[in-house]
Amino acid sequence: MTDYKMHLLVCGGTGCKAADSDEIRNSLKYWIEQTGMEDDAQVVFTGCFGFCEKGPIVKVLPGNTFYVGVQPGDAEEIVKEHLVKGRPVQRLLYTDPVTKEEISDSKGMEFYKKQMRIALRNCGFINPENIEEYISRDGYMALGKCLTELSPQEVISEIKESGLRGRGGGGFPTGLKWEITNKSEADQKYVVCNADEGDPGAFMDRSILEGDPHSIIEAMAICGYCIGADKGLVYIRAEYPLAIERLKIALNQAREYGLLGEDILGTGFNFDISIRLGAGAFVCGEETALIHSMEGLRGEPTFKPPFPSVSGYLGKPTNVNNVETFANVPVIINKGANWFNKIGTEKSKGTKVFALAGKINNIGLIEVPMGTTLREVIYDIGGGIKDGKEFKSVQTGGPSGGCLTKDFLDTPIDYDNLIAAGSMMGSGGMIVMDEDDCMVSIAKFYLEFTLEESCGKCSPCRIGNKRLHEMLDKITKGEGEEKDIERLKMLSHVIKDTSLCGLGQSSPNPVLSTIANFEDEYLAHVNEKKCPSGQCKDLLKYEVVEDLCTGCTLCFRNCPVGAITGERRQPHYIDQSICIKCGVCYWKCKFNAIKLS
Amino acid sequence: MDTIQLTIDNKPVVVKKGITILDAASSVGIHIPTLCHMKLDDLNIENRPGGCRICVVEVEGRRNLAPACCTEVADGMVINSHSIRVINARQTVLELILSDHPADCLICAKSGKCELQDMAHHLGIREIHYKGEQSTYREDTSPAIIRDVDKCIMCRRCEMMCNEVQTVGVLSAINRGFNAVVSPAFEMNLDHSVCTYCGQCVAVCPTGALTEVDQTAQVVRALSDPTKTVVVQTAPAVRAALGEEFDMEPGTLVTGKLAASLRRLGFNYVFDTDFAADLTIMEEGTEMLNRLSRFLEGDKNVKLPILTSCCPAWVKFFEHQFPQLNDIPSTARSPQQMFGSIAKTYFAEKMGIDREDLVVVSIMPCVAKKYECGRDEFKVNENPDVDYAITTRELAGLIKLANIDFNKLPNEDFDLPLGESTGAGVIFGTTGGVIEAAVRTAYELYTKKPLQKLDFHELRGMEGIRHATIDFAGFPLKIGIAHGLGNARKLLEKIESGESEFHAIEIMSCPGGCIGGGGQPYHHGNAEILKKRQMALYQEDSNKTIRKSHENPYIIQLYEEFLGKPMSEKAHHLLHTEYFDRT
């Protein structure tokens, strides 16, 4: 990157690509050529910057000028103004929603201030399709160090010492897992990277693979060295075409550079990686199901033990780690366990990547040190709740997690605190809900998801979740009874207690946590047949306030099902038996004459 | 032996290391209920998906409940198999299963023999608290097996049998979540699949999801038709198992009561498939000797080993999976079909009955026999040699329907001429029996010397694949035996690769042979029952005065009066068959 005076980093993550960032890149290149800047400025297509809410993003170095919401048509101005004349394009800068100030340098933005990027260190900085750029940022240095200076046991000790725990959700100590796999004796062992990311709204792993695939390759090779494996497999969902493409490019480059294959760096260590595509079954994120899927069997879990570390892929010891876990490994080796274990809380070291979603201003991908509070994440980084609404709840841990109330906002995020609060870390999905969200419906939404994604192998998960969903459905339709709430709890506990794998053991969590934290909402549904948030259609009633109705006929003309009758200049009437509760009358009425109850 | 100590229900227990909580508890008389789990000891058959979650127990220090069938014991473990938490969980899980199961027990084919029904009783379920949608699927009827998968509880036993034991690979779990069910691929019908109708899925299904096609009504109709003469044949394995349906000890021989009950049901002639088994030995044994002597003379057109062909599921298996070996099995028809063929020619002529007026019913331990008798090559002008094949279980139903007190029946004999049989015919019902019967005859025909001993213990047992070398007066005859189609596949693969050294191989589809057939009384995972049935057949054999097929006087008479000699043109026409490429 040193040959050029200026670098234009264009986000090439899936989100920004969907918003035409390919075209932005091409336009920038075009205008750089048109202005004769091609020897001075280079366009780099990077991985995700994280601030997806404001994409597509273009960052100009030097100066860290951060342009948001860039359109292909803006390329000309960026080149002519910023590159040629040195005048940043003010209108494309980020405006702080509170101070209303335009912020040029991303480091000054609230979204980035409290972040600490270890796993995402290269995302948005380098061209993921160029191994040289990875190498220039200390890439493959850790692998070299391990192969030439450290014994497998020393590397394992370093990982243990770092306190790194599995980022896929379970939080199992990574070094310990490596050690167990190392000690399992076999003629063949495997390293598997679990890239079957499936939580609704989560895209941590995808972004890492799209933005920094070499970090995963390097870490897998290190793991292979530690456990005594010469084969690695990345199990990635076929719905991640860009990540797969970039990973393939990276694998080929690594092989060309002798960083994969036979006799790596002349040390006699052999290691190569192949890709296995998943068909999008959520349960295949569970490691035994993942392994069965790779073996060509039905993607469903089996009882543990034996753990994959002892008997995994093709019956051989297999070390399965998540993408984000691997992404941390090279940094730990380079900077040392003692650097890493100073970050975070007592039992949760390092950082965690979260995918912020829901009713929050700054939707995107963030990485924060363990111990950051939910409040900091939601209000400082996330910029608070959309449209100035009231915060109601935050859901962590994906479909297996729980919904936490404002009482937990000051909880420092780590594995144990979230479990104590009734939720879990999970893989890093974080969905924020506001006053308009009905918590019964939220629980129902997650149950719908697990219902679809349960493999159906064990009875409590296969049938129990169906029954939970049916009860929730009844409640949202106003057909529930108070005893249903007790029954929901009872059944939830049994499903958790008896299910075969992590999916069923955690699928009732959204139900239990919403009942625990928002019981009044459940009671309103069952006793008063009311949805306090006005989300449950079946409990809504649109009525005409006769005193306010002018008989303008606007509602009558717009009702799609002909539920409204009335003479001109006379109060109108809504026939409840016909009304489908679409709300058109409510939104169309200019006189506030439609009442929602 | 490494032992460990643990506590189950406050009882200190010392058990072998590495066993499951289920087995540890069972060793001290604590029977933890199971539903999906099934284990046939000695046959290496086990279904242990850990899916039903009925067997969960509480293990101190563990976050959630542990499935007893899958969890290995550990030193110092403290287990509670009936705490309130466990009972509540177990009952709730069962209620969930019942909530997705048709409540038509009263009219279900499996009523009274259903493990789910028993479990509901055992766990004292009096109300299903969780009601909701039930999964529904299309019913699939084939010539032998009915799949009513609304009743499937996803125990996966059938899948394990079909894939791991039989390697047929028709049944597997499809769909996800609430819609998950066991089915042929793409939900195709069984009769479009490579299903062999071995019926082992039926034999292990705990509910009424898999049952045989019930033909008792057709049999009753034939019996009440005055224009029809109805003859019945009963397979060897039936007599060793039918008693179980009437609460007798497994392994009780009920040959005499069986004949008596059939007579009371109104069959005009009560015959025995064992007679046809003797006939099979005459044909198959002769064919074996022919092939063997031509082979020894250096005839390159002769292929060995010769494979037995009595088992219709096995025949369908190799027609689908190894059609390139279609010329290896013996061309001899199965005893059921030989009987039908002889009954509708020799016997019909003898009695002056038109073929169309003679109805042949067979009582079989097998569901594939229903399919076999419908095969086109076993029909003459659309009229099948065997009209109906009903299972041991269906016969028990008929006996009950006719108000016959089976236990009090006297012992009666079969009718002549097609009811006389030898000990060799009887042991056709167990793995190793066909080849032992063949050896008894072939030895004497080959060596022209009488056998010194008739019991070939080296051919007996329950090992999945067995082999023995029998000294044929200096010639070492190498024999292979396989039961279970997965074991058969192993031998076939060796034949294909040219590694097989055998001269003759006996194959039976069902584990244990016909005694473990898909139409037998349900064994519910108790392998002891199969062993007792096997012992009963050997007992019957040793009780017989004539124990070699070629000494059966009515077989001799049949050849003299009708067939000429084994492998004659007439015999070839009536008693042999051909095989088809079904790929």
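Let's start with the strands: β1 (residues 6-11) and β3 (residues 58-61) of chain A run antiparallel and are joined by 4 bridges. Strands here are DSSP runs of E with at least two residues, helices are runs of H or I with at least four, and both are numbered from the N terminus; two strands pair if DSSP finds at least two bridges between them. This is a predicted model, where local features need pLDDT of at least 70 and side-chain atom pairs count only at pLDDT 80 or more, while totals for chains, interfaces and linings use all residues. Residues are numbered from 1 along each chain as its sequence is written, and chains are lettered from A and ligands numbered from 1 in the order in which they are written.

Within that pairing, Leu9(A) has Lys59(A) of β3(A) as its bridge partner. On to β4 (residues 65-67) of chain A: 3 bridges join β3(A) to this strand, again antiparallel, and Val60(A) is partnered with Thr65(A). The two form a hairpin with 3 residues between them, and Gly63(A) in the turn has a positive phi of about 105°.

Now for a helix pair. The axes of α9 (residues 204-211) and α13 (residues 323-335) of chain A come within 9 Å and cross at roughly 45°. (Axes are lines fitted to C-alpha atoms, for helices over the stretch in contact, with angles from 0 to 180 degrees between N-to-C directions.) That makes α9(A) oblique to α13(A), as angles under 35 degrees count as roughly parallel, over 145 as roughly antiparallel, 65 to 115 as roughly perpendicular and the rest as oblique.
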